[in-house]
Amino acid sequence: MMGGNGLEQLYFPGCTLKTTAENFEITAKETAKVLGVNLVEIEDWVCCGTVHSLTTDDLMHHLAPTRILIRAQEMGKKMGLGWEDGCSLFTLCSMCYNTLSQLNELVKESPDKLDIINDFMDEEADYEGKVKVLHLLELYKQIGVEKIKAKVIAPLNGLKVAPYYGCLLLRPKKVAIDNLEDPTIMEDLIKALGADPVDNPYKSKCCGTFHTVDKPYLVANLAYKILTYARRAGAETIVLSCPLCAFNLENRQEEIKELYPDFQRMPVFYFTQLMAIAFGLGDFCRFETNYVDPLPLLKSKNIIKVKG
Amino acid sequence: MRVIKITAENDKFAERVEDLSGQPISLCFQCGECSSSCPVASEMDLLPSTLIRLIQLGQKEELLGSKTIWLCSSCFMCFARCPRKIDIARVAEALRQLVLREKDVDRVHPDKIPREEREKLPQIAIVSALRKFST
């Protein structure tokens, strides 16, 4: 449906985009607008639970992601968003993407489990299993690099960027948004913005995820490897799509510095922040909330001219 | 060499883990791909491939007392590469659940996370740690 701001697409922000990753949400919405898409937040959403429950007898933890997909389903119907084949629901956070996608796979494989879940929930409509869960990177891939290039007014010339996919956009294979051993979706985007993608061996190795809560130094060691190998490969910065990876690779640089005093800090961007800079929307990036200030790098490359 | 005598009790445990994880653990032929792919293998007391072997042999005490099951980060790298298509993240979750359900002891508690950390951690970190390490 075409609204005042372009093609309307449903999206699920998830908890962290409303708090520590506000800079991710705002740049996603603004860059989507430039590309003719209005991301419409689904109504009355809940936390997805962040991880797909992995034991065969646990259905309780599948309720939250199912509820989210029901909200999307009902809103998709109301708005007439291609309901015959099911509407699309876009996610930004990799954890939300993975949890919702894996739920969809589960109900496809086990309709009996979906029946139990639907029976358990009295107040909502049944989930019909047809919402397509997609990640924003997939939307930008559909739009295509040519259209993205055409919107670039401040190309990121000379910026050497290592894409970091982490785990949850690529694994398990049935929910992978790209080739799981050799993804290129972020590289293509980086090139479209005028920057140079830097391949590196740790781009889909785990950052340590939730271990950051009770084992921060384990995470710091994993993050150290990821950042150091990216730098050795020639990268000046890392780009990613998950607020937890962002925390581990950026904020845990404090702990890395304690363990490895020679470590050189490296700025970390959400892919939408890089897009915002290239589209001339740098003001939406809120770099003041970044733990490692990226402005010195951007200034040294003449990408952003900062007052004062 | 370690000799293990398998009893009906051991077989029952192996079956319980296969059921709870939904994984064909008996298919593992010890190629070691999981252990070489695991990002946290260096911290583990049992390598992922050893973990699987010990389940085949029903070694309940050693498995449920291991550090390994609390170190798996469910990154699914081992599963992506396993030639027998065994999802070890699901196996580790099943073993953690056996401990959490039996002993009812939370490994992570919100009150024990230092306030300063709690304020800066993203919600998804706290929620996922609680989901993995508490009942």
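What share of the contacts in chain A with a separation of 6 or more is accounted for by residues 24 or more positions apart? The share is 78%. The legends below describe a predicted model.

**Figure 1. Chain A as a whole.** The secondary structure of chain A consists of 13 helices and nine strands. Its radius of gyration is 20 Å, close to the 19 Å given by the globule rule for 308 residues, so chain A is as compact as a globular protein of that length. The C-alpha trace of chain A spans about 55 × 45 × 35 Å along its principal axes. Of the 308 residues in chain A, 62% are buried.

**Figure 2. Surface and charges of chain A.** About 12000 Å² of chain A is accessible surface, and carbon and sulfur atoms contribute 50% of that area. Chain A carries 34 positive and 41 negative charges. The mean position of the positive charges and that of the negative charges lie 8 Å apart.

Figure 3. Not counting residues up to four places away in sequence, S241(A) touches F24(A), L92(A), C93(A), S94(A), H135(A), L169(A), Y270(A) and F271(A). With one of these residues, S94(A), the side chain of S241(A) makes a polar contact of 2.8 Å, side chain to side chain. M186(A) is 55 residues from S241(A) along the chain, and the C-alpha atoms of the two are separated by 9.7 Å.

**Figure 4. The cis peptide bond at P172(A).** The peptide bond that runs from R171(A) to P172(A) is cis, and its omega is near -5 degrees. P172(A) sits in the loop between β6 (160–163) and α7 (185–192) of chain A. As background to this view and to the two that follow it, most peptide bonds are trans, and most residues other than glycine have a negative phi.

**Figure 5. Positive phi at N302(A).** N302(A) is a residue other than glycine, yet its phi is positive, near 55 degrees. The residue belongs to the segment after α13 (295–300) of chain A. Is N302(A) buried or exposed? Its relative accessibility is 57%, so N302(A) counts as exposed; the cut-off for this class is over 50%.

**Figure 6. Positive phi at F76(B).** In chain B, F76(B) is not a glycine but has a positive phi of about 65 degrees. The loop that holds F76(B) lies between α5 (68–71) and α6 (77–81) of chain B.

**Figure 7. The surroundings of S35(B).** Helix α2 (residues 33–37) of chain B contains S35(B). Because its relative accessibility is 13%, S35(B) counts as buried. Leaving aside neighbours within four places in sequence, the residues in contact with S35(B) are A41(B), L47(B), P48(B) and S49(B). Which residue's side chain is joined to that of S35(B) by a polar contact of 2.7 Å? The partner is S49(B).

Methods
Residues numbered from 1 in each chain as written. Chains lettered and ligands numbered in written order. Predicted model: local features only at pLDDT ≥ 70, side-chain atom pairs only at ≥ 80, totals over all residues. Heavy atoms only, no water. Helix = DSSP H or I, 4+ residues; strand = E, 2+ residues; numbered from the N terminus. Rg over C-alpha atoms; globule rule 2.2 N^0.38 Å. Buried < 20%, exposed > 50% of the residue type's maximum accessible area, 1.4 Å probe, protein only. Contact = heavy atoms within 4.5 Å. Areas by Shrake-Rupley, 256 points an atom, 1.4 Å probe, with all protein chains shown as cover. Lys, Arg positive; Asp, Glu negative; His and termini not counted. Charge placed at Lys NZ, Arg CZ, Asp CG, Glu CD. Polar contact = N/O pair within 3.5 Å; in protein donor to acceptor, adjacent residues only side chain to side chain.
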